[in-house]
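Here is a short tour of one chain, written for someone who likes to know the cut-offs behind each term. Have the viewer open as you read.

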Amino acid sequence: MKISDIVQKLTGYGARPKESESIETLVKLYKRQMIAKTVVMLLVLISLVVQLGFSKRPPSLTVPHVAVVKVHGAIGGENGVQGVDVIKAIKEAYNSPTAKGIMLDLNSGGGSPVQAEMVYEYIMSLRGKDKPIKAIVQEGCMSACYYIASAADSITAHRSSVVGSIGVRMDLWDFSEVKDRYGIGKKTLSAGTHKTILDSWSDNTMSEESIELVSKNAMNPLYESFVSDVKAARANIDEASYPNIYQGMFYSASKAKDAGLIDHVESLYFFKENFMGELDVTESRIYEQRKKSFFETLGFPSISVNLNLPNSSVTS
C-alpha cells in the first residue's frame, strides 16, 4: 500500500466527495484534508530544521575548544558593535569550563571610544588569570578597535593588515558659506553661552575660540585617556623610534610589530591552528554577541523596519 493511500485512509485527504453525501460529511472531509496538509507542512519544516541544524551545528559545549569572539565593523552607533554585547560574549566564553582560551577576531576601522573603553576595561580585569585572551587582526584594527586589542595578552596581524591610528577625531560640517550665499539658515533657541558650539550653522562653530574650547575640555582629555590606557596595556611600544605612534599614524603589520603595537605577523588560519595546538584542543566555537532569531537559525536574513519620522527634541 502506498503512503498516499494510508494518508487518504486515515484523514480522507485526496478523497472526492460523493453527490449523495450530506453537507456535514463534506465539512468533516474538508477538516480532515486541512489537518493532513498542516501535518505534511510541519513534517517538511521539521525535516528542514533538523538538516540545517546538523549542517551548521557548532561544536558541542562539552567539547574543549577555543572561543571566538568577533568584533567586525564600526564600533558603537545604532547598527555598530556594542561594548556590552562583546563583554557578554567574552564573559560567556570565560565562564565556560570547556572554553580553554579566547580569540578576539578583529576587523574594524574604529568608532566609539566609550564602547571600546568598556571592552578594554573588562578584558584587562581578566588579564593574567587562567584563560589566555589573544587577538588576531584581519584587514585592519584602527583607533577604537586597537583600544580593545591592546588589552589582549598578545596581538597578531596578517602581513597586509594595517594597525594603529591612536588618536581622537570629531567631524563637523561648516554651512556658514551656504547660509551667506543662498540665504538659508537655522534659528536655534538656547540657554548657555556654548550650548550651540558644535552647531554647523553657527558662525562661531569653526572660530579659533570654539576649537580651542572643544579641544581643551573634550578632545584632549579623551585623547590622553586613550593613550594612557594603551601605554598601561602595551608597555613595550617603542615611542622613541616611532614618534608619531600616538599621533594618529597607522602602520603595516611589519612596522607595527617593530614598533611594539603587535606581537606576531601570521595569517588567521595558522594563528588559530597554533592557538588550538597550545591549548591541546581541536575545535573552535564562535560566541555570538546576540542570540539568533528562529529564522536566522534557518539561514534567512534578519528583517528590520525603521520608521524615520520627523522630530524635534530638546537635549541637555
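## A salt bridge across the chain

Glu 278 counts as exposed, at 55% relative accessibility. Throughout, buried means under 20% relative accessible area, exposed over 50%, and partly exposed in between, with a 1.4 Å probe and protein chains only. Its partner is Lys 134: the two form a salt bridge whose closest N and O atoms are 2.8 Å apart. A salt bridge here is a side-chain nitrogen of Lys or Arg within 4 Å of a carboxyl oxygen of Asp or Glu. Lys 134 lies in strand β3 (residues 133–142) and Glu 278 in helix α9, so the pair ties together parts that are 144 residues apart in sequence.

## How the model is read

This is a predicted model, in which local features need pLDDT of at least 70 and side-chain atom pairs count only at pLDDT 80 or more, while totals for chains, interfaces and linings use all residues. Residues are numbered from 1 along each chain as its sequence is written, and side-chain values use heavy atoms, with hydrogens and water left out.

## The chain as a whole

The chain has 10 helices and 8 strands; these are DSSP runs numbered from the N terminus, helices being H or I with at least four residues and strands E with at least two. Of its 316 residues, 33% are buried. Among contacts (heavy atoms within 4.5 Å) with a separation of 6 or more, 69% join residues 24 or more positions apart.

## Other charged residues

The count of salt bridges comes to 4. One of them joins Arg 234 and Asp 263, at 2.8 Å from N to O. Arg 234 sits in the loop between α7 and β6 (250–252), and Asp 263 in the loop between α8 (253–259) and β7 (264–265), so this pair ties together parts that are 29 residues apart in sequence. Arg 234 is buried, at 4% relative accessibility, and Asp 263 is partly exposed, at 22%. Glu 239 and Lys 231 form another salt bridge, with their closest N and O atoms 3.6 Å apart.

Which buried residue has no salt bridge? That is Asp 229, whose nearest side chain of opposite charge, Arg 127, is 11 Å away; Lys and Arg count as positive and Asp and Glu as negative, with His and the chain ends not counted. Asp 229 is found in helix α7 (residues 208–233). Leaving aside neighbours within four places in sequence, Asp 229 is in contact with Tyr 120 and Tyr 147.

## Nonpolar cores

A nonpolar core is a set of buried Ala, Val, Leu, Ile, Met, Phe, Trp, Tyr and Cys residues joined through side-chain atoms within 4.5 Å. The largest holds 52 residues, of which Ile 90, Ile 102, Leu 104, Tyr 146 and Leu 261 touch the most other members. A second, separate core of 8 residues includes Val 68, Met 103, Ile 136 and Val 281. Beyond its neighbours within four places in sequence, Leu 104 is in contact with residues including Ile 90, Lys 134 and Ile 136.

## Two loop residues

Ser 165 has phi near 60 degrees, a positive value in a residue other than glycine, and is placed in the loop between β5 (162–164) and α6 (176–182). Phi of Asp 280 is also near 60 degrees. Asp 280 is in the loop between α9 (268–279) and β8 (283–286), and is exposed, with a relative accessible area of 71%.
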